[in-house]
Amino acid sequence: MSNSTEIQAAQTLWNKIKPRGDQFMWGIIFILSIWGLLAIYSSTGALAYKKNGGMVEIYLIQQAGLLCVGFFIMFFVHSIHYKHFVSLSKLLLYITYPLLIYTLFFGLEINGARRWVNFFGLTFQSSDIAKLALIMFVTRELARKQEEIKDLKKSFLPILTHITLICVLIAPENLSTALVLFSTCMVIMFIGRVSLKHLFGVAGAGILAGLLLFGILFAVPEKALKGTGRLLTWKNRVESFGKKETDPDKTFQNDHAKIAIASGGIMGKFPGNSTERNFLPEAYSDFIYAIIAEEYGMIGAVIMLFLYMFFLYRAMRMVLKSPKAFGALIAVGLSFSLVLQALINMAVAVNIFPVTGLTLPLVSKGGTSILLTSVAFGVIMSVSRYIEQDEPNLEETTKEAIPSTDNTLIENGA
């Protein structure tokens, strides 16, 4: 009897504290986190030898601690109704502007890029906060302006102005993040039924601007680009990616990533047996996918790709399952941003894209970026939780979150 009572008490306690929402998504988050721990333990050997006398366990414990805090943040955030985050999105966006400007001029410079801010001993990338703020703001504005969503001046241009300004402030020091964020916002606007004519116009203008920028970069000698921030770095990365033969120093990362992937084969060398971790720069962050491919083989690399894509699929199901929930737009937007970042990281490792500096969410070694990523996952799971829990009262919930002018999106579906 006592054992039965203890089991029932344990089940009752678990029912009270267990994470709510899509259990498949929670499972993917957990698997990626554990896999990341194993990969970091394996890939930080060279770093530990240089800085800590070979004590790899320091980085394992550090990453494990960050993930534990991250899971606590996810659990806390997912317990808050997503409507509260939408309500705060505008305030958060206006805080982001001075933060990005401060980072651009006075931020910490690490590895040749000024992307970090240090407040009271806490170092973080302001672009991580900007991603959360802008995606939630765009979602809020799309919901508010559905009655005039096709109007260029009243709806499209005001939203596009904020997207452009935020991305322009991020781009000088972190072009890849700016492009991912801009693409994510375009996808959200497409789902939010913005005129395709307007979206295609922006896409065309963006492509022309990019071609013009890099055309000028390639026309200008390298000596003239010294002291111009990241422009020379952009040029070198595109050149090393586009040419079959170039300076070995410029292709060092790509070459060793290819060696890691090729030596891994189908089955891999098994965890802990990587050799390229001793040669590949940033093997524990930017190029951790190459180490995973080396140790777990093509099978492991494909499985990891599948996990991210399945997470995005589960997020997309929120729209199909509950088309009246404008909160699903937030989940899709944040999920798309995280998965796109993961896909670009993988594409860089297999030499499909030039080197970008984007990490693999939840897998790469990180600091406060893991905590801010955890906030994003928490918001996604909040939407998943309350879509399932409040679906019968969804329309009433949405009216509380945003003004009554938002009803068109709710009534016609996101």
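This is a predicted model: local features need pLDDT of at least 70, side-chain atom pairs count only at pLDDT 80 or more; totals for chains, interfaces and linings use all residues.
I listed Asp128, Lys131, Leu132, Ile135, Leu334, Ser337, Leu338, Gln341, Leu372, Thr373 and Ala376 as its lining residues. Three helices each supply at least two residues of that lining: helix 6 (126–144), helix 14 (327–349) and helix 15 (368–390). By class I noted six nonpolar, three polar and two charged residues. The space in the largest cavity comes to about 120 Å³.

I then checked how many cavities of 30 Å³ or more the model holds, and the count is three.

Next I took the second largest cavity, with about 80 Å³ of space. Its lining consists of Leu100, Thr103, Leu104, Arg114, Arg115, Ser126, Ser127, Leu169, Ile170, Glu173 and Asn174. Helix 5 (82–106), strand 2 (113–119), helix 6 and helix 7 (152–170) are the elements that give two or more residues to this lining. Helix 5 gives the most, with three residues. I noted the classes here as four nonpolar, four polar and three charged.

Last, I turned to the largest nonpolar core, which has 100 residues. Met189, Met304 and Ile380 touch the most other members of this core. Helix 13 (residues 288–321) contributes the largest share, 16 residues.

Which residues does Met304 touch, leaving out those up to four places away in sequence? I found Leu32, Trp35, Tyr289, Ile292, Met346, Leu360 and Val363.

Methods: Residues are numbered from 1 along each chain as its sequence is written. Side-chain values use heavy atoms; hydrogens and water are left out. A nonpolar core is a set of buried Ala, Val, Leu, Ile, Met, Phe, Trp, Tyr and Cys residues joined through side-chain atoms within 4.5 Å. Buried means under 20% relative accessible area, exposed over 50%, partly exposed in between (1.4 Å probe, protein chains only). Helices (H or I, at least four residues) and strands (E, at least two) are DSSP runs, numbered from the N terminus. Contact means heavy atoms within 4.5 Å. On a 1 Å grid over the protein atoms alone, a cavity is a set of points where a 1.4 Å probe fits but cannot get out, and a pocket is an open set with protein on both sides within 12 Å along at least five of seven lines; lining residues have an atom within 4 Å of a point. Grid points are joined across faces, edges and corners, and a volume is the space filled by probe spheres set on the points. Ala, Val, Leu, Ile, Met, Phe, Trp, Tyr, Cys and Pro count as nonpolar, Asp, Glu, Lys and Arg as charged, and the others, Gly among them, as polar.
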